Amino acid sequence: MAGVDALVLPKPDSAEWILEMANAVRTRTRKKSFAGMHPVPCPDRNAGRFAKARGHCVGASKDGRDGTGPEDFSAAVGGAPEFDLLLTPNLSVLFAARAAGLLPLGFIGSIGEFSDTHKVREAAVHARRLGFSGALAIHPAQVAIFNEAFSPNAQELEWPRRVVAAENNAATRGLSAFSLNGKMVDPPVVWRAHEILALASNY
């Protein structure tokens, strides 16, 4: 299956099932027929099992991604796919995915509103600020918007470049924390700067 980069696993029933699929993908990858493919688990619509579904992250490939379905979750709890309802489940995906070493996918809002490009762009930009790495597109019109929203622009790259330069200078003086433009910079801040630069190199 040349050219296939990911395998989406919609509404998985259990972490065990994802493990089984992930192992099958790894086996195929070793045989070169699924080279570079990663499973992408998305929780099912059963809200009662949503917290348990966070264990799905453990079963996925370390190069995998994780996300949630806003329409499915909203329908499961009898609500509308709006910001207040979707914030908590999306953040739980974000935290669980990061803890498992996966890339979190998603944004806070309905995936069905693909024609309102302004709203889609706003939701994607906000999701990136929360810590999401990307989102699954359901329409070609979303692809360019997501690529732009989840990749840092030239202006945004100025800050991490200054941080890394200052870090190198501080390291020569044996410092792990230093001041830059009147603000403290320590290892977590430096880590975030490196992550932004790494993200830019992927686009």
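**Opening exercise.** With which side chain does the side chain of His194 make a polar contact?

*Solution.* The partner is the side chain of Glu167, at 3.1 Å. A polar contact is a pair of N or O atoms within 3.5 Å; within protein, one must be able to donate a hydrogen and the other to accept it, and residues adjacent in sequence count only if both atoms are side-chain atoms.

**Conventions.** The model is predicted: local features need pLDDT of at least 70, side-chain atom pairs count only at pLDDT 80 or more, and totals for chains, interfaces and linings use all residues. Residues are numbered from 1 along each chain as its sequence is written, and side-chain values use heavy atoms, with hydrogens and water left out.

**Exercise 1. Describe the chain as a whole and state how confident the prediction is.**

*Solution.* 
- Step 1: The secondary structure comprises nine helices and six strands.
- Step 2: The chain has 203 residues, of which 38% count as buried. Buried means under 20% relative accessible area, exposed over 50%, and partly exposed in between, using a 1.4 Å probe and protein chains only.
- Step 3: The mean pLDDT is 79, and 74% of the residues reach 70 or more. This score is the predictor's confidence in each residue, from 0 to 100.
- Step 4: Confidence is highest in strand β6 (residues 183-185), with a mean of 95, and lowest in helix α3 (residues 56-59), with a mean of 50.
- Step 5: Over residues 58-63 the pLDDT is below 50, and this stretch has 16 contacts in the model beyond near neighbours in sequence. A contact means heavy atoms within 4.5 Å.

**Exercise 2. Determine how helices α6 and α7 are arranged and which residues join them.**

*Solution.* 
- Step 1: The axes of α6 and α7 come within 9 Å and cross at roughly 30 degrees. Axes are lines fitted to C-alpha atoms, for helices over the stretch in contact, and angles run from 0 to 180 degrees between N-to-C directions.
- Step 2: This crossing is right-handed. A crossing is right-handed if the near helix is turned clockwise from the far one by less than a right angle, and left-handed if anticlockwise.
- Step 3: On the α6 side, the residues that meet α7 include Thr117, Val120 and Ala124; on the α7 side, those that meet α6 include Gln142, Ile145 and Phe146.
- Step 4: Arg121 also belongs to α6 and is partly exposed, at 32% relative accessibility. Arg121 touches Ile145 and Glu148, not counting residues up to four places away in sequence. The C-alpha atoms of Arg121 and Ile145 are 6.0 Å apart, although 24 residues separate them along the chain.

**Exercise 3. Identify the largest nonpolar core and its contributors.**

*Solution.* 
- Step 1: The largest nonpolar core has 12 residues, among them Leu94, Phe107, Val120, Phe132 and Phe150. Such a core is a set of buried Ala, Val, Leu, Ile, Met, Phe, Trp, Tyr and Cys residues joined through side-chain atoms within 4.5 Å.
- Step 2: Helices α6 and α7 each supply at least two residues of this core, and α6 gives the most, with four.
- Step 3: Leaving aside neighbours within four places in sequence, Val120 is in contact with Glu113, Phe114, Gln142, Ile145 and Phe146.
- Step 4: A second, separate core of 10 residues includes Val163, Ala166, Ala170 and Phe178.
- Step 5: As a general background, nonpolar side chains in soluble globular proteins tend to be buried together.

**Exercise 4. Is Ser133 buried or exposed, and what does its side chain contact?**

*Solution.* 
- Step 1: Ser133 is located in the loop between α6 (117-130) and α7 (140-149).
- Step 2: Ser133 has a relative accessible area of 17%, so this residue is buried.
- Step 3: The side chain of Ser133 makes a polar contact with the side chain of Arg98, at 3.3 Å.
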